[in-house]
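Colleague: I would like to learn how to read a few features of a protein model. Please take them one at a time.

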Amino acid sequence: MAQSTLVHRSNGRSLVVLLISTLLIVNFLAYIDEGHYDFRWMRDPGNWAAFGLYTAVIFGLQLFCHEIILKRYSYPGKTVLAIFGGPVLLLLIILGFIGIAKLLWS
């Protein structure tokens, strides 16, 4: 019987590594952006909402890279590629939206 859910298809260890890497990436981004190189950003609930949103988006894109784009490959570097692939994919999506907006408003 085939497992249809993402969690059952994926290696649980890979999911934990992806989640930890996502939290580290987003914590660094919050440190330099929201907190202006300080951890006082943690006192504001609005910053935690942004932290949660960034975490969900980057983790989702890392899972997308790991489970959809790299699903045919089974080598040790697959998780590392997904860790870097999620933020790169997010950056490409943002740049694509900026490019489309410039085309529409020019």
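This is a predicted model: local features need pLDDT of at least 70, side-chain atom pairs count only at pLDDT 80 or more; totals for chains, interfaces and linings use all residues.

Colleague: At what angle do α3 and α4 pack?

Modeller: Helices are DSSP runs (H or I, at least four residues), numbered from the N terminus. Axes are lines fitted to C-alpha atoms, for helices over the stretch in contact, and angles run from 0 to 180 degrees between N-to-C directions. Here α3 (residues 45–69) and α4 (residues 78–105) pack at about 125 degrees, and their axes are 7 Å apart.

Colleague: Which word describes how α3 and α4 lie to each other?

Modeller: Angles under 35 degrees count as roughly parallel, over 145 as roughly antiparallel, 65 to 115 as roughly perpendicular and the rest as oblique. The helices α3 and α4 are therefore oblique.

Colleague: Which residues of α3 meet α4?

Modeller: Contact means heavy atoms within 4.5 Å. On the α3 side the residues include Val 57, Ile 58, Leu 61 and Phe 64, and on the α4 side Ala 82, Ile 83, Leu 89 and Ile 93 are among them.

Colleague: How many aromatic pairs does the whole structure have?

Modeller: Rings of Phe, Tyr and Trp (its six-membered ring) pair if their centres lie within 6.5 Å; planes under 30 degrees apart count as stacked, over 60 as edge-to-face and the rest as tilted. A search of the whole structure finds five pairs. One of them, Tyr 31 with Tyr 37, is edge-to-face, at 6.1 Å centre to centre and 90 degrees between the planes. Tyr 31 and Phe 39 have ring centres 4.8 Å apart and planes at 40 degrees, so that pair is tilted. Tyr 31, Tyr 37 and Phe 39 form one aromatic cluster.

Colleague: Is Thr 22 buried or exposed?

Modeller: Buried means under 20% relative accessible area, exposed over 50%, and partly exposed in between (1.4 Å probe, protein chains only). Thr 22 lies in helix α2 (residues 12–32) and has a relative accessible area of 0%, so Thr 22 is buried. By contrast, Tyr 37 is exposed at 58%.

Note on methods: Residues are numbered from 1 along each chain as its sequence is written. Side-chain values use heavy atoms; hydrogens and water are left out. Helices (H or I, at least four residues) and strands (E, at least two) are DSSP runs, numbered from the N terminus.
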